[in-house]
Amino acid sequence: MSYLGPGSELVLNRLLRALAEGRVTDIISSYEKYTNHYFFQPSIQHDVPVTESEIISALEHLGDTGILAGEESQSRYCVECFGVDVELAAKCPSCNSSKVYYGKVMTHRCGFRDIEEAFGSSGKWICPQCKEGIYSPYEECKVEGPIYKCRSCNSFFDAPKSCYVCRDCGQVYEMGEEPYVRIRKYKPTPILTALRDDIISSYRLFDALCDQFQKNKYEVKKAVLSDQDETTVYWDALAKKGKSKYGLLVLSPSERLDVVTAERIIAKKRTSNLGAAAVITSQKASAIVQGKLRREKISILNPEKSMLTSESEIRKVASEIAPELS
Ligand SMILES: [Zn+2]
Ligand SMILES: [Zn+2]
Ligand SMILES: [Zn+2]
């Protein structure tokens, strides 16, 4: 699985929580080619400093892990009139006009050459140049085609240039320059439904621990992108009082609590220079992972019902991170 940067981690956790709690039911990512911008619904960027690509990575991660299913559609539109009737059309290679005729071309024996319809209709053919009636076009004229003729500059050609034309206002777009919106709609899958209770209880424990730190006069910041020595790391919360500084992380159920993840969390804790930290997860870690984290003063907290209903239980859990909270 691809490594998620700190901004993507923030987006991932925020979305998972909102989806689990039912505050968000689907996510729409629209790419508008004309402005080369993404728009997200719900708006994810309005209150957090994350980039478009960080949001996209988080959504792709949720798609790759099967938590969300994405469905894509694309529609062309006209930037001049906002019409959506933009279609592929043929264009004259000489003058770029889209008024292109495609059909038979006749050359009369007097030398006049034009499209079939210029000679009139079947049975009543007349050469517009010499005014002679034509009884049998195939005997009296050279018939070619079908080929193209430009109605604007009157040139003949075998292959037109392709372009997109707005049927409403006539605006012409070169191939590859036609404006379009690509919409990707992400919806939760049964995997998310199965993880829902775990996510909700993880965040309940998280909220209760944050409250506990606040009650003890800690300054608690949530959803933090913390910069240290040019490295940015993500914490779901940082609690600070004087020289004591602790970090809380809710592990996305899309990430395994394995040795790689443990090492990543250890590196984060070192970067942020924390006294201790905790990972909240419903996953059970192996003895190796537990040992690794314990040596670095990182506790693994499994949310259990009993601890979520009792203040003293929460205090006990909090004191696993910060002993002074006991
Ligand atoms: Zn003629
Ligand atoms: Zn032309
Ligand atoms: Zn238009």
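In what sense do strand S1 and S2 pair, and over how many bridges?

1. Please keep in mind throughout that this is a predicted model. Strand S1, which covers residues 27–32, pairs with S2 in the antiparallel sense, and the pairing runs over five bridges. Within this pair, Glu32 is the residue that stands opposite His37 in S2.

2. The pairing of S1 with S2 belongs to an open sheet of four strands, whose order is S2-S1-S13-S3 and whose pairing is antiparallel. The edge strands of this sheet are strand S2 (37–41) and strand S3 (68–76), each of which pairs on one side only. From one strand to the next, the twist averages 15°.

3. Taken as a whole, the secondary structure of the protein chain comes to eight helices and 18 strands. The protein chain is more spread out than a compact globule, because its radius of gyration is 34 Å, well over the 20 Å that the globule rule gives for 326 residues. Along the principal axes, the C-alpha atoms of the protein chain fill a box of roughly 110 × 40 × 35 Å.

4. On burial and contacts, two figures may be read alongside the overall dimensions. Of the 326 residues of the protein chain, 31% count as buried. If one takes the contacts in the protein chain between residues at least 6 apart in sequence, 65% of them join residues at least 24 apart.

Note on methods
Residues are numbered from 1 along each chain as its sequence is written. Chains are lettered from A and ligands numbered from 1 in the order in which they are written. This is a predicted model: local features need pLDDT of at least 70, side-chain atom pairs count only at pLDDT 80 or more; totals for chains, interfaces and linings use all residues. Two strands pair if DSSP finds at least two bridges between them. Helices (H or I, at least four residues) and strands (E, at least two) are DSSP runs, numbered from the N terminus. Axes are lines fitted to C-alpha atoms, for helices over the stretch in contact, and angles run from 0 to 180 degrees between N-to-C directions. The radius of gyration is taken over C-alpha atoms; the globule rule is 2.2 Å times the number of residues to the power 0.38. A residue is buried if 20 or more other C-beta atoms lie within 10 Å of its own, exposed if 12 or fewer, and partly exposed in between; C-beta atoms are placed from the backbone. Two residues are in contact if their C-beta atoms, placed from the backbone, lie within 7 Å.
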